[in-house]
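Let's take a walk through a protein model together. Have a look at the picture first, and then we will go through its parts step by step.

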Amino acid sequence: MTEQIVILDFGSQYTQVIARRVRECNVYSTIVRYDTPAAKVAAMNPSGLILSGGPSSVYAKDAPLPDKGIFKLGVPVLGICYGLQLLAHFLGGRVEKGQKREYGKGTLTIADRQCALFRNLPAKLQVWNSHGDKLTRLPRDFVVVATTENSDYAAIEHPKKRFFGLQFHPEVAHTPRGREVLSNFVHHVCGCGRDWTMRNYIEQAVEQIRAQVGQERVILGLSGGVDSSVAAALIHKAIGDQLTCIFVNNGLLRAREAEVVQEVFGRHFKIKLQYEDASRLFLKRLKGVTEPERKRKIIGRTFIEVFQAATKRAGKAKFLAQGTLYPDVIESVPIAGNPAALIKSHHNVGGLPRNMKFKLVEPLRCLFKDEVRQLGLELGLPREIVLRQPFPGPGLAVRCLGEVTGEKLQVLRRADAIVVEEMKKADLYYKTWQTFAVLLPVRSVGVQGDERTYDWTLAIRAVESQDGMTADWVKLPYDLLEKISLRITNEVRGLNRVVLDLTSKPPGTIEWE
């Protein structure tokens, strides 16, 4: 049985970050709703519990509260921000509205150097606070472990029960030593080992896939993206020729994408690969369409139609494999004031219809994106596929503003290839969340070769992000921007102007459509 830390989600925008930080300690973590019954939590056999932060006040009428039985499970508990306040609220302390809110950087002064959470850490730490309420009376048998400028109870502990509370957020990057605090909790308080690795996961997943599939055949829709590629490699390792991958070329792919997929999976991995070139059909249906939402719906419906027909040609199969990840299956906690509940992914093509009578194989559904990348490398997939930047489901259609035509896609492909090539040469491609080109529906006058031109404008978009929910524009070196611009205007016919997008998210989105 895999050791695990169970995280109760009270609507924090950082809950998934907590889970990822725990897994970075090579310990498995699971997120459940805040109101999960204690008996169900106990059945998961957790080594410890973490209570997340959240936007609510514990004393509010509609505050999200857990089953009080979770405090009687006999396992260590760590409350973070709202989680600390819950410990106090349930165990006899007092939480009140603070006279002064505490947001941003703070200095934590550790009063008890023997506390296991702060093992091998200095007496003062930079931490990140985000709270308006504060603990004003300790629960019974709790002691103060650390303070900040505005809080006499910034870290508290019940030594006998191994309950801990932190008013700051150790999971965020703005608490530089926060990972060590969480590591101390999972390893030195909960006693977990370091067994959660992708190498170990491969063995476990292969056994599960074989047990689920038996001798039946599996079909997988291969996009060439990270998730479907890793799922294909993992399932093929488990069942070999029982797997058939279907790759649909929708005509909206990047330069050489179709060739690379066929080379890597068909010729290198020897996976059964069914190639469907539907590019003309997609472009025909997109003709004259300029509204972004209509584009996405047309692409989604057409993909399903093409994929359904392809599955029939592939022959009888009982299972359909998908690259579903853990963030896709975590149940949302839509608590008022929670910014995470307001930000939704809307660039993917969408799911397959229910009338496709397959049983699902989802070998990545317990993994985060960074774990999927690690898994891909362990399986021997090329870095170019495993570490590639995110790419929207509708492809270049949402980067070709206005009507999508074959001519405009060719221009965009060539320009985008130059951007990627130069980013890789500068050793910045794999260090940046996304870098890409956007073809604008704007023509402007230019001078090329002493001749007047009237051609399209291209925008360069480079952003840094952790999960795509928020993003900052990247300050690329001027000499790199100059090289990209010169190459594009010299090598790509139809473009005479390059501009740079300096917008973060919010107020903008990462993609333009």
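Which residue of strand 11 does Leu220 stand opposite? Leu220 stands opposite Cys245. Before we go on, a word on the model: it is predicted, so to speak of local features a pLDDT of at least 70 is needed, side-chain atom pairs count only at pLDDT 80 or more, and totals for chains, interfaces and linings use all residues. Residues are numbered from 1 along each chain as its sequence is written, and side-chain values use heavy atoms, with hydrogens and water left out.

Now to the strands. Helices (H or I, at least four residues) and strands (E, at least two) are DSSP runs, numbered from the N terminus. Strands of a sheet pair through backbone hydrogen bonds, either parallel or antiparallel. Here two strands pair if DSSP finds at least two bridges between them. Strand 10 (residues 218–221) and strand 11 (residues 243–249) run parallel and are joined by four bridges. They belong to an open sheet of five strands, in the order 12-11-10-13-14, where the pairing is parallel. At the edges stand strand 12 (272–277) and strand 14 (359–361); each has a single partner strand, so one side of each is left without a neighbour in the sheet. On average, neighbouring strands of this sheet are turned by 30° against each other, direction ignored.

Helix 6 (residues 226–239) packs on this sheet and touches strand 10, strand 11, strand 13 (319–321) and strand 14, where contact means heavy atoms within 4.5 Å. The direction of helix 6 makes about 160° with that of strand 10. Axes are lines fitted to C-alpha atoms, for helices over the stretch in contact, and angles run from 0 to 180 degrees between N-to-C directions.

Helix 6 also meets helix 11 (residues 369–378): their axes come within 10 Å and cross at roughly 45°. That makes helix 6 oblique to helix 11; angles under 35 degrees count as roughly parallel, over 145 as roughly antiparallel, 65 to 115 as roughly perpendicular and the rest as oblique. The contact involves Val226, Asp227, Val230 and Leu234 of helix 6, together with Lys369, Val372, Arg373, Leu375 and Gly376 of helix 11.

Another pair is helix 13 (406–425) and helix 14 (residues 478–491), which pack at an angle of about 150° with their axes 10 Å apart. Helix 13 and helix 14 are therefore roughly antiparallel to each other. Among the residues that meet here are Ile418 and Val419 in helix 13 and Ile484 and Ile488 in helix 14.

Helix 8 (residues 279–286) and helix 9 (residues 292–314) pack at an angle of about 145°, and their axes are 10 Å apart. Residues in this contact include Leu281 and Phe282 in helix 8, and Ile298 and Phe303 in helix 9.

Elsewhere, strand 7 (residues 143–148) and strand 8 (residues 151–158) run antiparallel, joined by four bridges. A hairpin links strand 7 to strand 8 through two residues, and Val144 has Ile156 in strand 8 as its bridge partner.

How many salt bridges does a search of the whole structure find? The search finds 23, a salt bridge being a side-chain nitrogen of Lys or Arg within 4 Å of a carboxyl oxygen of Asp or Glu. Arg388 and Glu257 meet in a salt bridge through their side chains (2.4 Å, N to O). Arg388 lies in the loop between helix 12 (383–386) and helix 13, and Glu257 in helix 7 (residues 257–268), so the pair ties together parts that are 131 residues apart in sequence.
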